[in-house]
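Work through the exercises below with the structure in view. Try each task before you read its solution.

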Amino acid sequence: MTTIPNSPSARLPKIHLDKSLVGRFEALASAMMRRSPEVGERLMDEIARAKLVAPGKLRDDIVTIGSEVTYRDLGTGRLQTVFVVYPEDADIDQHRISVLTPVGVALLGLSPGAAISWITRDDETRQLEVVTVKPPTTQ
């Protein structure tokens, strides 16, 4: 049985977010409501259910802005490695996906072994599982 994100029967994995980033995430989600309400709403839902963690206390294996994430599409078995970034830093050719994409929202706050359903821009429900997470590199 496939569960749809945000449905009452969905068993969503626990997520953790750096609480210092929440204001920016909320602003991005609000701005997204006009262009793509389903993505904006999904980001707001993820923020609402997240355990907020003090800056510097977020474990290195939790997906956050700048993380390098390898995940498996559970439908195809295909592995993909991406960096989750703010919209202005997105560059698909460099595997840098915006936190405002359906898969970016789905990955946010997850750790290795966590699986979640997400809905593509084509309205297709997919499932992914996080395989590895590398922390953001400090510059």
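The exercises that follow cover salt bridges, surface charge, backbone angles and loop contacts.

This is a predicted model, in which local features need pLDDT of at least 70, side-chain atom pairs count only at pLDDT 80 or more, and totals for chains, interfaces and linings use all residues. Residues are numbered from 1 along each chain as its sequence is written, and side-chain values use heavy atoms, with hydrogens and water left out.

**Exercise 1. Salt bridges**

Task: Find how many salt bridges the whole structure holds, then examine the pairs R42 and E46, D61 and R59, and E129 and R72.

Solution:
- Start with the rule: a salt bridge is a side-chain nitrogen of Lys or Arg within 4 Å of a carboxyl oxygen of Asp or Glu.
- A search of the whole structure gives seven.
- Take R42 and E46: their closest N and O atoms are 3.9 Å apart.
- Both residues sit in helix α2, four residues apart, or about one turn of the helix. Helices here are DSSP runs of H or I with at least four residues, strands are runs of E with at least two, and both are numbered from the N terminus.
- R42 and E46 are both buried. Buried means under 20% relative accessible area, exposed over 50%, and partly exposed in between, with a 1.4 Å probe and protein chains only.
- Now widen the view: R42, E46 and R49 form a network of salt bridges.
- D61 and R59 meet at 2.9 Å, N to O.
- D61 counts as partly exposed because its relative accessible area is 27%. R59, at 46%, is partly exposed too.
- E129 and R72 meet at 3.8 Å, N to O. This pair links distant parts of the chain: E129 is in strand β7 and R72 in strand β3, 57 residues apart.
- E129 has 24% relative accessibility, so it is partly exposed.

**Exercise 2. A charged patch**

Task: Which residues gather in a patch of negative charge on the surface?

Solution:
- Patch members have over 30% relative accessible area and no salt bridge, and like charges are joined within 9 Å.
- Asp and Glu count as negative, Lys and Arg as positive; His and the chain ends are not counted.
- The patch consists of E38, E41, D45, D122 and D123.
- D45 belongs to helix α2. Its relative accessibility is 33%, so D45 is partly exposed.
- D123 lies in the loop between β6 (115-119) and β7 (125-134). D123 is exposed because its relative accessible area is 66%.

**Exercise 3. Positive phi**

Task: What is phi at H95, and what is it at D123?

Solution:
- Recall the background: most residues other than glycine have a negative phi.
- H95 is not a glycine, yet its phi is positive, about 60 degrees.
- H95 lies in the loop between β4 and β5 (96-98).
- D123 also has a positive phi, near 65 degrees.

**Exercise 4. Polar contacts**

Task: Is S117 buried or exposed, and which side chain does it contact?

Solution:
- S117 lies in strand β6. S117 is buried because its relative accessible area is 5%.
- Its side chain makes a polar contact of 3.3 Å with that of Q127. A polar contact is a pair of N or O atoms within 3.5 Å; within protein, one must be able to donate a hydrogen and the other to accept it, and residues adjacent in sequence count only if both atoms are side-chain atoms.
- Compare T76, in the loop between β3 (68-73) and β4 (79-85). T76 has 53% relative accessible area, so it is exposed.
- A polar atom of the T76 side chain lies 3.1 Å from the backbone nitrogen of R78.

Methods: Patches are made of residues with over 30% relative accessible area and no salt bridge: like charges are joined within 9 Å, nonpolar side chains (Val, Leu, Ile, Met, Phe, Trp, Tyr) within 5 Å. Accessible areas come from the Shrake-Rupley method with a 1.4 Å probe; for residues, only the protein chains shown count as cover. The place of a charge is taken as NZ of Lys, CZ of Arg, CG of Asp or CD of Glu.
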